Amino acid sequence: MEKIKLAIIDDELISRNMIKKLIQNNTRYEVAADFSDGKSAVDWLRYNEIDILLCDMQMPEMNGVDLLRIIHVIHEYLPVIVISGFDNFDYVRGSLVNGAANYLLKHELTEESLLQVLEQVREKYHIVPAEKAACRRTGYCIYDREEYTRDGIERMIREQKIQFGGGNYASLAISPDYRFSERINPEEFRRDVCSTIMDILAQILGTEYPFIICQTKKFHLLVLLCFQEVNSTLYMMNIMKKLATRLQKQIIRILDLTSTIAIGIVHTQLEKALSESEEMDDILEDKLYLGGNRLISLPLARKMVYGTGEIPSALWKQMAFEKREQGAAEMPTLNEFFDFMEKERLPQKKVLEYSLEMMRLLCPGEMAECKKLTERVKGYEIFELLREDIMEFMNRERILEEKKKYRYSPLINQVMEFVGKNYQEDISLEMCALELGVSYTHVSRAFKQETGMRFVEYLNRRRISRAKSLLIRGELSMKEVVENSGFRNYNYFFKVFKEITGMKPGEFAAKI
């Protein structure tokens with residue numbers, strides 16, 4: 001008779017041996033492997049299958065909570081029984097929240113208590129020894145979109161991979177509102193988030209309602225539920241709404257992420273429910289401009305109409321000029337770039353395409369930081385988050401270029417940064433000194449000594465640099481160029497431009 005296979009992870013040899021001894025003569029369970037650390041166990045589990053895992057919560061290098069998350073990335077529905085020497089409620093809650101199937105205390109461990117917990121898990125997850133693997137028959141996850149069809153699901157039913165069908169069907173489409181930091185791998189992060197959400201869903205649904213989850217290439221989750229013995233449509237829709245609301249709250253609490261969830265209606269035909277699932281996934285794309293953290297009712301949703309415009313060639317020319325002349329693009333120019341895409345409501349594919357093209361233009365290809373930013377940009381689905389990350393990165397690059405170009409003291413670098421942010425406004429050295437909390441006389445003297453220029457001379461050069469960039473565009477009137485570069489007097493602008501460049505603005509524009 002085939003036995004249910006167990007694996008044990010515990011850094012204490014005595015504990016591992018005790019568990020093995022307690023079930024050494026059992027006819028239903030056997031220990032297939034045991035490990036003293038989480039890393040060895042994870043490496044083994046990547047290539048081997050078991051039915052139930054027993055895992056210690058407190059281990060060196062990797063604790064039980066972290067290990068649970070990693071294990072459920074490798075085996076989505078592997079039941080894990082947590083064992084610990086602590087009976088503190090926080091440990092219990094932490095293990096159950098992160099996908100544990102049950103919990104055992106070491107100081108209460110006996111053959112009777114161990115077998116009782118194993119039997120509970122076996123019944124809850126419908127584990128059949130002949131299958132030699134954990135199989136939660138009321139839930140199944142699909143990673144191949146082509147399998148998420150009526151034929152694919154019916155084949156899984158015939159193969160007894162899942163108990164599904166014979167009732168009403170309803171769909172959810174879940175899109176986590178991904179936020180990325182510079183320290184994480186975006187793809188791994190999205191995969192881990194999806195895996196955790198699957199665990200949360202499985203915990204909420206249990207075995208009451210059969211479900212299928214399809215993870216898309218965009219790391220969305222399409223959830224199909226089957227209500228086998230429910231006749232009230234209103235009752236089923238209430239269940240869906242409560243499920244979506246509870247799921248949103250759990251994702252915030254556990255992952256510190258918001259999410260956008262679309263809720264479908266109830267269908268008697270599987271094919272219609274699957275078709276609606278695809279429609280909801282398409283509607284989730286609209287959070288690009290509408291933002292995340294929303295519950296969307298499909299009957300009330302209207303698909304956004306996207307624009308077909310293209311970034312003006314003059315804007316590309318302007319950014320290239322600023323990069324060539326100053327080492328970095330101006331923040332106002334980058335704002336125009338993003339404002340255009342938002343105003344035109346360009347689709348996500350175009351937004352990504354243009355953003356990557358802009359980064360190739362402005363960032364050296366060999367920069368590790370730029371490569372990391374590129375990977376993050378590919379994962380964003382909300383326009384404002386994408387814009388914020390790129391603008392912050394580009395601003396840092398501009399400041400670094402300024403510091404490389406002029407090796408000044410921290411005080412003078414602060415003055416230059418103040419000018420870079422505010423040169424389009426009516427500013428003065430007095431305002432700068434007040435902003436930095438230093439003496440006007442001191443900063444005036446220091447600026448002149450280090451740069452060889454008075455503050456107003458540097459400010460004018462900064463403004464003329466912007467004016468040259470705007471003249472490159474060839475789209476603005478001279479009045480607009482003067483105002484957008486920070487000058488308040490038309491004649492004064494002409495005078496300063498001639499002094500710095502040796503030519504009039506019109507001559508410069510004609511030359512380029």
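User: In this predicted model, which residues on the other side of α1 are called exposed, and what makes them so?
Analyst: On the other side of α1, the exposed residues are Ile 14 and Lys 21, and the word applies because exposed stands for a relative accessible area over 50%.

User: Which residues of helix α1 are called buried, and how do you know that they lie on the same side?
Analyst: Ser 15, Arg 16 and Ile 19 are the buried residues of α1, the helix of residues 13-22, a word that requires under 20% relative accessible area. Because they cover an arc of only 100 degrees around the axis, they are put on the same side of α1.

User: What do the buried residues of α1 pack against?
Analyst: Their partners are the strands β1 (4-9), β2 (29-35), β3 (52-56) and β4 (80-84), together with the helix α5 (111-124).

User: How many cavities of 30 Å³ or more does a search of the whole structure find, and why is such a space called a cavity?
Analyst: The search finds two, and the name applies because a 1.4 Å probe fits there but cannot get out.

User: What makes up the lining of the second largest cavity, by residue and by class?
Analyst: Leu 288, Gln 348, Val 351, Leu 352, Val 377, Lys 378, Tyr 380 and Leu 386 line this cavity, and by class they are six nonpolar, one polar and one charged. Two or more lining residues come from each of α13 (348-362) and α14 (368-379), with α13 giving the largest share, three residues. Lys 378 is the charged one because Lys is counted in that class.

How values were computed
Residues numbered from 1 in each chain as written. Predicted model: local features only at pLDDT ≥ 70, side-chain atom pairs only at ≥ 80, totals over all residues. Heavy atoms only, no water. 1 Å grid on protein atoms, 1.4 Å probe; cavity = no way out; pocket = protein on both sides within 12 Å on 5 of 7 lines; lining within 4 Å. Points joined across faces, edges and corners; volume = space filled by probe spheres on them. Helix = DSSP H or I, 4+ residues; strand = E, 2+ residues; numbered from the N terminus. Buried < 20%, exposed > 50% of the residue type's maximum accessible area, 1.4 Å probe, protein only. Arc of directions from axis to C-beta. Contact = heavy atoms within 4.5 Å.
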